[in-house]
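Hi,

Here is the structure I promised to pass on. Have it open while you read, and my notes on what turned up follow below.

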Amino acid sequence: MSNKPFILSNKSEDKKEFEAMINKTMASFFRTIDDESAFSGINPYVLRKEINDLGFLPEKGIGFDETMKKVEEIILPNLLRTWSTSYMPHLHSPALLETIASELLIAAFNDSMDSWDQGPAATEVEEAMIHGLLNLYGYKEGADGCFTSGGSQSNISAIIAARDWYLGEKFGLDVKKRGIDGTPLTLYTSEISHFSMDKGCHILGLGYDAVRKIPVDDRCKVDINAFKAMVEGDVDNGFYPFAAVATIGTTDFGSIDDIKAMREICDKYGMHLHADAAYGSGAIMSSKYRERIGDLSLADSITIDFHKMFLLPISCSALLMKNGKKLECFELHADYLNREEDEEDGYINLVGKSMQTTRRFDALKVFMAFQTRGKDGFDEMITKVIDNADHFWSLIKDDPDFIVPVKPELSSVVFALTDGDEVNKRVRRRLLENGTVIGQTVMNGKVMLKFTLLNPNLDFSDFPALIETIKKYRDIERERA
């Protein structure tokens with residue numbers, strides 16, 4: 001057996017070895033971030049060969065130093081640098097400094113969130129953060145929630161809870177024991193909502209056809225009249241509308257559905273209303289823009305993603321439920337894990353609120369970020385990124401070289417050059433090859449470009465040069481054509 005330590009412990013030699021590894025890791029990291037670009041621009045075929053040439057599982061370990069050398073030479077230089085102001089394609093944020101530090105603590109302790117005895121302080125911190133979030137978003141006594149692996153899991157968990165609640169209320173059906181019994185259920189969501197709604201209905205055995213896609217208006221928000229007509233028609237045809245989703249910040253456009261109007265329709269038909277606020281939930285921290293997202297407390301459940309507008313490392317999400325009892329659909333006692341007598345004595349076992357068993361202590365990231373920055377710090381950061389989107393939109397909305405179909409409500413701006421699909425595609429690719437990464441999507445059958453502006457280090461003064469670079473590459477593509 002090697003004399004090198006295998007795991008971290010309280011022994012001085014183990015702590016010294018770990019400290020040395022961390023120092024070498026940070027040295028390699030800093031040596032590979034010596035420019036402002038978001039990406040090296042390497043060709044995918046070249047990168048694939050270089051990665052494969054590193055090997056898989058050697059017969060004898062080469063040790064940490066040699067391993068780190070490979071990582072520094074090939075992997076680190078070609079990773080995506082999310083902190084770069086030249087990175088703006090997706091809802092994929094840079095990470096706050098203190099939360100990167102929190103990831104080290106989470107990994108080193110490796111506590112799990114399924115039972116109290118696997119994460120005592122971790123369990124209590126998560127519970128404290130959940131109750132703080134319930135208050136922040138306007139939920140009252142009886143509400144509950146749980147951290148999840150991401151927005152998709154939060155959304156799917158909400159759909160599961162809504163389905164089980166609806167069938168219990170409407171038909172007295174215990175879904176845990178009997179399944180869904182073939183009832184033709186329907187869920188309503190924007191035609192530009194996140195694909196996790198479709199995925200969730202597939203997983204639940206309802207199928208994609210159970211997802212009714214509501215048309216959107218010219219602002220990319222749910223058409224309320226179309227929603228109302230769809231529900232009425234489905235009821236007349238023997239379907240059972242059990243839930244609807246208000247998207248609070250669509251993936252591409254950042255558009256925000258009218259949660260108040262959707263609430264009225266859901267109340268009329270006894271439906272669960274879920275707010276997919278994976279993107280827009282962060283706007284609640286902005287004193288200037290928080291009104292844009294509406295009153296999220298009107299929803300029966302809310303998805304929050306901290307690895308988007310809150311600027312936390314991937315992955316970190318939460319599901320909040322107005323009626324906490326709806327989360328009991330995930331509860332199942334096991335003698336080896338969450339014994340009922342333990343819970344009676346105050347040992348909280350969070351596995352009963354989650355579809356996951358083993359789960360990371362992601363709540364620490366939220367705790368450290370909130371404590372470090374405070375309400376004022378988050379207000380400043382989130383207001384800045386929305387200001388940036390408003391400003392960029394104002395620069396190009398009247399420029400004859402651009403098409404700008406939707407005024408931004410959050411931090412995303414969708415636009416296109418007037419030269420057609422192929423030019424827009426090639427301009428985005430030229431930017432990527434030169435270290436600037438922007439998004440691409442489709443609207444009304446046309447290729448569009450996208451800035452998703454989640455970096456508070458980006459300033460108004462940066463945009464003119466970006467616009468000029470885009471036009472320069474457009475001119476090159478014109479000449480090629």
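Which residue stands opposite Ser317 in S8? That one is Asp305. Before going further, please keep in mind that this is a predicted model.

**The sheet**

The pair above belongs to S7 and S8: strand S7 (residues 301-305) runs antiparallel to S8, and 5 bridges join the two. On another flank, S8 pairs with strand S2 (residues 144-148), again in the antiparallel sense and over 5 bridges. Here Phe147 has Ala318 in S8 as its bridge partner.

Zooming out, these strands are part of an open sheet of 7 strands with mixed pairing, in the order S2-S8-S7-S6-S5-S3-S4. S2 and strand S4 (211-214) are at the edges with a single partner strand each, so one side of each has no neighbour in the sheet. On average, neighbouring strands are turned by 20° against each other, direction ignored.

For a parallel pair, look at strand S3 (residues 185-190) and S5, which are joined by 4 bridges. Helix H8 (residues 196-203) lies across S3, S4, S5 and S6, and runs at about 165° to S4.

**The nonpolar cores**

The largest nonpolar core has 62 residues, and those touching the most other members are Tyr137, Phe147, Phe227, Ile302, Phe306 and Leu320. Among the elements that give two or more residues to this core are helix H5 (120-136), helix H9 (224-236), strand S6 (272-277), S7 and S8. The most comes from H12, with 9 residues. There is also a second, separate core of 27 residues, which includes Ala158, Ala161, Leu204 and Cys329.

Not counting residues up to four places away in sequence, Phe306 touches Leu133, Phe147, Leu311, Leu312, Cys316, Ser317, Ala318, Val366 and Phe370.

**Helix H10**

Which residues are buried in H10? They are Ile259, Ala261, Met262, Arg263, Ile265 and Cys266, and what covers them includes H9, S5 and S6. At the start of H10, Asp258 has a side-chain oxygen that reaches to within 3.2 Å of the backbone nitrogen of Lys260. After the helix comes Gly270, with a positive phi near 65°.

**Asp252**

Last stop: Asp252, in the loop between strand S5 (240-247) and helix H10 (259-269). Leaving aside neighbours within four places in sequence, Asp252 is in contact with Ser412, Val414, Thr441 and Lys450. With Thr441 there is a side-chain to side-chain polar contact of 2.5 Å. Asp252 and His194 are 58 residues apart in sequence, and their C-alpha atoms are 9.7 Å apart in space.

Happy to go through any of this at the screen.

Cheers

Conventions
Residues are numbered from 1 along each chain as its sequence is written. This is a predicted model: local features need pLDDT of at least 70, side-chain atom pairs count only at pLDDT 80 or more; totals for chains, interfaces and linings use all residues. Side-chain values use heavy atoms; hydrogens and water are left out. Two strands pair if DSSP finds at least two bridges between them. Contact means heavy atoms within 4.5 Å. A polar contact is a pair of N or O atoms within 3.5 Å; within protein, one must be able to donate a hydrogen and the other to accept it, and residues adjacent in sequence count only if both atoms are side-chain atoms. A nonpolar core is a set of buried Ala, Val, Leu, Ile, Met, Phe, Trp, Tyr and Cys residues joined through side-chain atoms within 4.5 Å. Buried means under 20% relative accessible area, exposed over 50%, partly exposed in between (1.4 Å probe, protein chains only). Axes are lines fitted to C-alpha atoms, for helices over the stretch in contact, and angles run from 0 to 180 degrees between N-to-C directions.
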